[in-house]
Each structure stands twice: as C-alpha cells, then as structure tokens.
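This briefing goes through one protein structure, topic by topic. Please read it alongside the sequence and the 3D view.

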Amino acid sequence: MTRLQELLQATAVEGSYRPDAELEVNGISYHSQKVSPGDLFVCITGYSTDGHKYLPDAVKSGAAAAIVERIQEDIEIPQYVVPNSRIAMAQLADAFYGHPSSKLKMIGITATNGKTSTTYMTNAILEQHGLKTGLIGTVVIKIDDEKIPSELTTPESLDLQSYLKQMVDRDVTHVSMEVSSAALESHRVETVDYDIVCFNNLSREHIDSHGTFEKYFEAKASLIRGAGEHSSAVLNLDNEHAASLVGETRANVVTYGLKSREGTLYCKDLDLSTGRAKFTVEILKPFKGDGVEYVPGEFRVELRIPGLHSVYNSMAAIAIALLCGIPVATIQEALRTFGGVERRFEFIYEDEFIIVDDHFANPGNIDVTLETLRYMDYEQCHFVYAIRGHRGPIINRENAEAIVKWMNRLEMRDIIATRSASHVNKNNTVSDEEADVFLEVMQGAGIEVKLYNELPDAIAFALSKAGRGDLILLAGCQGMDPGAEIALNMLKATNND
C-alpha cells in the first residue's frame with residue numbers, strides 16, 4: 001500500500017473535498033469496471049466520454065479516493081482537484097511504480113510511417129548484442145521473452161508505467177517504444193525519461209484526430225523538443241519536418257540522410273536492384289555513444305527486408321544502436337538477418353514473378369514504396385490497390401494524387417482497384433464518394449482503372465496478367481490485409497491443378 005499524501009506530491013493539486021491525510025491506496029485505476037477495493041480512481045476527460053460520469057460506479061467497486069477536474073459533492077470519498085487529470089495520472093503512475101523509465105535505457109521512436117519497423121529493427125540489434133529488451137508498440141508489448149497483444153500504439157500512461165515496472169523487475173535494460181502523436185498529445189508519455197528519441201519522417205496522416213497538419217507536427221515535435229540535455233535525438237535530414245528540429249532540442253543531436261550529406265551519418269552506394277538494399281554507412285562527423293567514440297569512417301550494410309523505406313528505418317536504427325554502444329559487426333549481422341514486420345513491403349512470393357504486399361496508408365507511405373520500384377529490376381508491374389474506406393474523400397484524393405505522380409514516373413498507365421466489399425468491416429467500408437474521388441483523379445490523369453467490388457477478383461486478374469520477371473504489388477490498408485493469403489491460396493490451387 002502507498003500513503004496517498006506522499007503519492008500526491010508527484011502532481012499539482014489545486015483543491016480537495018473530504019481530504020484524508022492518513023489514507024493509503026492499493027493501486028490506481030482509470031476504468032470504473034477495473035477498480036479494485038482501495039484504489040485511487042482517476043477521472044479522465046476523454047475524447048468520447050468523461051470519466052467523471054463513472055465515479056459513482058468506481059465508488060461502488062471500492063475506490064478509496066479520486067483525482068478529479070471538478071468536485072462531485074454527492075460522492076462521499078476524498079476528491080483531489082487537478083488542472084489536467086491525464087497529466088496527473090501520468091505523474092501519479094510514474095511515482096506509484098517507482099519511476100521505472102529512469103532505470104531503463106528508454107528509446108522513443110516517432111514517425112508517420114515506419115515506427116513499428118524501426119522499433120522492431122532496433123530491438124533486433126539490441127537482442128543480437130545479448131541484451132534483455134523490452135518493446136512497446138502497435139503490434140505487441142514485449143517484456144523480455146513475454147509478449148502481450150497491444151491495444152494502442154502507445155499505452156495509456158498508467159498501463160505504460162506498469163509495463164515499464166515489470167520490465168525493471170525482469171532485469172530488462174533497453175526498451176524500444178513507438179511514440180504516437182496521439183500519445184504525445186494526450187500526455188500518455190508525460191513522465192517517461194528518454195535516453196534516445198528519434199523522429200524519422202512526417203506526412204499527412206492522422207490529421208483528423210489533431211485538427212490541422214500543424215497541430216499534428218507540433219505533437220510529434222514535442223518528443224524532440226522535450227528531450228533533456230542528458231539524452232540524444234536522432235533526426236532524418238531528408239525529411240524537412242524532422243530536419244527543422246535540429247536546433248530546437250537540448251538533446252545531443254545525431255542526424256542521418258540518403259540525400260543530405262550534411263549530417264552525422266550518410267547512406268551511400270545504395271543498390272536496390274533486387275528490392276533488398278545494400279549500402280555503405282559513412283560516419284561523416286565524430287560523435288559519442290554510451291562510452292564509445294566514433295570517428296569518420298564507413299561500413300557496409302545488407303538488409304534482408306526490402307524497400308527504400310527500410311533503408312531509412314535502418315539508418316535510424318543504426319544511429320540508435322551506435323548511441324547504445326553496439327559494435328558495428330553486431331549491427332551488420334542483426335540487419336542482415338532481420339525478417340521485418342508483416343505487410344511492410346513484404347515479399348510474399350518469389351518465383352517466375354514477384355508479389356510484394358504493402359500497407360499503403362498515406363502519401364508518405366506511397367511515395368517511399370513506389371520510389372522503391374524505380375530502383376528495382378522487373379519487366380511489368382501489376383498494381384492492385386485497395387481503396388481506403390471510412391477515411392473520407394480528402395485522404396483518398398491525396399492518396400490517388402500520390403499514386404498518379406509515381407505512375408507517371410514509372411510509366412504505368414493502368415491500375416487494378418478494389419473496394420474489398422466482403423473483406424472489410426463497417427468501419428472500413430468504402431463509400432461511393434471515396435471510390436468516386438479515386439476514379440476522378442485517375443481519369444483526370446489518363447490512368448485506366450479496372451475497379452472490382454471484391455478483392456479476390458482483383459487479385460485473380462493481376463495473377464492472370466503476370467508473366468515471367470513481372471512484379472505484382474498488393475497495396476492498401478485494411479482492404480488489402482487478407483490480400484497475401486488470397487494470392488498465395490490462388491497460386492497454390494493453380495499449381496495443384
């Protein structure tokens with residue numbers, strides 16, 4: 001048990017109702033249905049509901065006291081008023097669990113695209129070095145060898161601090177964490193003590209949840225701007241938004257680029273002819289990382305996973321690994337064997353032709369994926385695209401315009417599109433307006449579209465057209481999630497005939 005008065009020292013209390021100086025609490029909760037007797041209940045003001053409404057339910061379940069933004073006098077338990085209950089919960093959780101992030105090497109990675117891949121890649125390098133690691137992200141929470149399915153890209157602050165405490169208890173030393181813009185804006189990571197922060201890229205995604213692109217950028221940028229002078233910030237100079245933060249942080253800055261030679265690390269001699277990159281990392285400027293001093297020099301890297309985006313993700317992971325003092329030979333071996341994350345420019349079939357499956361979410365995703373095709377050797381590309389459902393006409397227009405730009409550069413004049421009607425739920429159904437805006441952009445650019453209502457029909461048509469040396473690109477978000485399995489089953493059925 002923890003004395004509440006001591007715990008409250010961690011946050012700003014503006015007032016109270018029925019305070020109890022001797023009260024002890026067993027835990028903290030923000031979900032009324034998960035309250036245990038003796039808990040401190042935090043009333044979170046959310047986007048869709050208000051936790052203050054559930055305070056009576058929390059009391060019935062045994063809540064001993066509450067953190068509130070406004071007092072409810074008909075509730076008999078002690079209530080403590082704070083200016084922002086989300087910030088308070090982050091601060092209280094950090095204190096309750098003994099400030100676990102200060103006992104770990106915390107690596108926070110943000111980007112529009114590639115957070116998951118970069119986090120996994122970083123973790124793979126750390127594991128290759130024999131370290132006990134933790135990973136927090138979109139797919140899974142990993143505590144040493146235990147894996148827990150994720151509910152959010154970055155967990156709520158209370159859950160996050162609980163996971164970090166479990167990592168400390170399991171002797172984990174290094175934690176790679178995806179940091180979403182939503183988590184930054186809603187103060188879920190308010191009290192995390194980072195050692196390394198990384199900003200890889202930014203493009204127009206998640207704008208609706210932030211209101212404007214500027215607010216989206218500000219949320220992302222806060223990870224870098226808020227980093228302390230004891231930490232390091234890894235920034236991609238090829239992305240103007242990440243590059244703009246070089247002089248806006250107290251952290252020690254390490255930069256990288258494929259186009260820019262102005263940074264700390266430079267990717268040169270890039271060979272993407274097979275889709276899987278080989279390149280040289282050149283250290284242009286001396287820097288220090290965890291007791292190791294790096295001087296100008298270079299080393300070769302080969303990636304097992306394909307795509308130009310994987311090069312950017314690996315450059316970020318390489319910079320992070322060097323800052324952790326990981327030997328170059330370990331980095332090289334880890335990247336040579338790292339198998340990647342599902343649906344991130346994933347090669348699912350390599351025989352008489354190649355099939356690539358890609359989570360084609362937004363213009364930034366589209367740019368880096370289709371730019372990869374410029375480097376690859378293939379005869380013809382058969383492009384199957386699942387239109388984004390339930391995202392509105394704006395993102396679908398922007399996606400279509402990004403596709404058109406690259407189709408012109410790749411000299412492609414036709415595309416196979418699908419609404420994936422039977423393979424998406426109601427939250428991802430493509431509306432007529434979304435399909436129409438996609439077709440309008442394609443028609444305006446002179447691109448011929450074969451639009452199929454069903455995903456299997458679109459894939460079957462692509463397979464029927466594919467010849468030796470060709471490339472089939474299965475591209476799209478939820479509408480293309482089953483695409484790889486459908487394509488492989490069709491090929492298997494054909495081969496068995």
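Helix H12 covers residues 363-375, and its 13 residues should span 18 Å at 1.5 Å a residue; the end C-alpha atoms lie 19 Å apart, which agrees. The expected span is taken as 1.5 Å times one less than the number of residues in the helix. Helices (H or I, at least four residues) and strands (E, at least two) are DSSP runs, numbered from the N terminus. The model is predicted: local features need pLDDT of at least 70 and side-chain atom pairs count only at pLDDT 80 or more, while totals for chains, interfaces and linings use all residues. Residues are numbered from 1 along each chain as its sequence is written, and side-chain values use heavy atoms, with hydrogens and water left out.

- Of the 13 residues of H12, 10 are buried, so the helix is largely enclosed by the rest of the structure. Buried means under 20% relative accessible area, exposed over 50%, and partly exposed in between (1.4 Å probe, protein chains only).
- Among the buried residues of H12 are Pro363, Gly364, Asn365 and Ile366.
- The buried residues of H12 pack against H10, strand S22 (354-358), strand S23 (381-386), H13 and strand S26 (471-475). Contact means heavy atoms within 4.5 Å.
- Asn362 caps the N-terminal end of H12, with a side-chain oxygen 3.0 Å from the backbone nitrogen of Gly364. A polar contact is a pair of N or O atoms within 3.5 Å; within protein, one must be able to donate a hydrogen and the other to accept it, and residues adjacent in sequence count only if both atoms are side-chain atoms.

**Nonpolar cores**

- The largest nonpolar core has 44 residues, and Leu265, Phe279, Met315 and Ile318 have the most contacts inside it. Helix H10 (residues 308-323) gives the most to this core, with 12 residues.
- A nonpolar core is a set of buried Ala, Val, Leu, Ile, Met, Phe, Trp, Tyr and Cys residues joined through side-chain atoms within 4.5 Å.
- Leaving aside neighbours within four places in sequence, Phe279 is in contact with residues including Cys267, Leu270, Phe299, Val311, Met315 and Ile318.
- A second, separate core of 33 residues includes Ile143, Tyr163, Leu164 and Leu245.
- In soluble globular proteins, nonpolar side chains tend to be buried together.

**Positive phi angles**

- Glu411 is not a glycine, yet has a positive phi of about 55°. Glu411 sits in the loop between helix H13 (392-409) and strand S24 (414-418), and is exposed, with a relative accessible area of 69%.
- Ser420 is not a glycine either, and has a positive phi of about 50°. Ser420 sits in the loop between S24 and helix H14 (432-444), and is buried, with a relative accessible area of 1%.

**Individual buried residues**

- His382 belongs to strand S23 and is buried, at a relative accessible area of 10%. A polar contact of 2.9 Å joins the side chains of His382 and Asp470.
- Beyond four places in sequence, the contacts of His382 include Ala462, Lys465, Leu471 and Leu473.
- Tyr349 lies in strand S21 (residues 346-350) and is buried, with a relative accessible area of 13%. The side chain of Tyr349 makes a polar contact with that of Glu352 (3.1 Å).
- Not counting residues up to four places away in sequence, Tyr349 touches Ile354, Ile355, Leu488 and Leu491.
- Ser32 is in the loop between S4 and S5 and counts as buried, at 11% relative accessibility.

**Pockets and cavities**

- The second largest pocket holds about 890 Å³ of space. Its lining has 31 residues, of which Tyr30, His31, Lys34, Glu156 and Asp159 lie nearest its centre.
- The largest share of that pocket's lining, 4 residues, comes from H5.
- The count comes to 1 cavity of 30 Å³ or more. The largest cavity has a volume of about 50 Å³, and is lined by Ile387, Arg388, Gly389, Val424, Asn428, Cys477, Gln478 and Gly479.
- On a 1 Å grid over the protein atoms alone, a cavity is a set of points where a 1.4 Å probe fits but cannot get out, and a pocket is an open set with protein on both sides within 12 Å along at least five of seven lines; lining residues have an atom within 4 Å of a point.
- Grid points are joined across faces, edges and corners, and a volume is the space filled by probe spheres set on the points.
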